[in-house]
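Hello,

Could you take a look at the structure below when you have a moment?

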Amino acid sequence: MTTDSPEGKSPSRGKRADAQRNRETVLAAAAEVFVASGVDAPIRRIAARAGVGMGTVYRHFPTRADLVTAVYRHQIEACAEAGPALLAGAGSPFDALREWIDLFVDFLVTKHGLADALQSDDDRFAALHAYFLDRLLPVCAELLDAAVEAGDIRPGTQPYELMRGIGNLCIGSDNDPRYDPRRLVALLLEGLRQPHAS
């Protein structure tokens with residue numbers, strides 16, 4: 001039995017756990033701030049939302065590009081992990097697909113401005129894009145296949161074209177407050193449905 005701390009844990013292990021929690025908190029706060037204000041939002045706003053000092057943010061993410069990249073990867077992982085969970089818990093495969101696409105749209109809104117934030121770091125951007133496709137295309141394919149098998153949607157939609165189409169619908173939301181990409185994404189999804197399923 002260790003006596004290094006009252007809980008029997010070593011101080012260094014506790015510090016690592018605290019650091020990891022702080023990192024996750026900063027990532028979640030940054031994602032929320034990026035959705036509301038874009039990737040150029042002040043770091044102090046992210047620190048305030050996370051309830052940490054600016055030094056904590058910079059200790060984990062020395063540059064804005066580091067932070068934006070980490071948020072992007074974090075959201076890719078969250079989106080990838082959500083697919084199977086939604087499929088297991090939703091009322092139907094179509095409901096799971098619709099809920100997953102809502103998460104995907106949230107992610108795409110955060111993603112806007114990524115290229116500018118990374119500036120000329122084309123290698124980093126290309127690596128992130130490859131990671132995005134590697135992680136999310138199989139999840140989208142699994143959801144589409146399940147919805148086809150259940151008779152909810154027509155067969156033939158490819159995951160890449162669906163994700164690309166949703167991405168294109170989300171582009172116009174930046175500059176026009178009258179434009180609601182979610183309404184158009186919902187129409188797109190309804191267009192995939194089998195006639196008897198809608």
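Here is what I found, starting with how to read the values.

This is a predicted model, so please keep in mind that local features need pLDDT of at least 70 and side-chain atom pairs count only at pLDDT 80 or more, while totals for chains, interfaces and linings use all residues. Residues are numbered from 1 along each chain as its sequence is written, and side-chain values use heavy atoms, with hydrogens and water left out.

**Helix α2**

Helices here are DSSP runs (H or I, at least four residues), numbered from the N terminus. I call a residue buried under 20% relative accessible area, exposed over 50%, and partly exposed in between, using a 1.4 Å probe and protein chains only. In α2, which covers residues 43-50, the buried residues are Ile 43, Ile 46, Ala 47 and Ala 50. Looking down the axis of α2, they fall within an arc of 100°, so they line one face of the helix; that arc is taken from the directions from the helix axis to the C-beta atoms. Arg 44 and Ala 48 are exposed on the face turned away from the buried side. Just after α2 comes Gly 51, with a positive phi of about 75°.

**Salt bridges**

The structure has 7 salt bridges, each being a side-chain nitrogen of Lys or Arg within 4 Å of a carboxyl oxygen of Asp or Glu. Three of them may interest you.

- Arg 98 and Asp 95 are joined by a salt bridge at 2.6 Å, N to O. They sit 3 residues apart in helix α5 (residues 93-111), so about one helical turn separates them. Arg 98 is partly exposed at 33% relative accessible area, and Asp 95 is partly exposed at 24%.
- Asp 106 and Arg 182 form a salt bridge at 2.1 Å, N to O. This pair links distant parts of the chain, with Asp 106 in helix α5 and Arg 182 in helix α9 (residues 181-192), 76 residues apart. Asp 106 is partly exposed, at 35% relative accessible area, and Arg 182 is also partly exposed, at 34%.
- Glu 190 and Arg 193 meet in a salt bridge at 4.0 Å, N to O. Here Glu 190 is partly exposed, with a relative accessible area of 36%, whereas Arg 193 is buried at 14%.

Finally, Asp 102, Asp 106 and Arg 182 belong to one network, joined by salt bridges that share partners.

Best wishes

Terms used:
Helix = DSSP H or I, 4+ residues; strand = E, 2+ residues; numbered from the N terminus.
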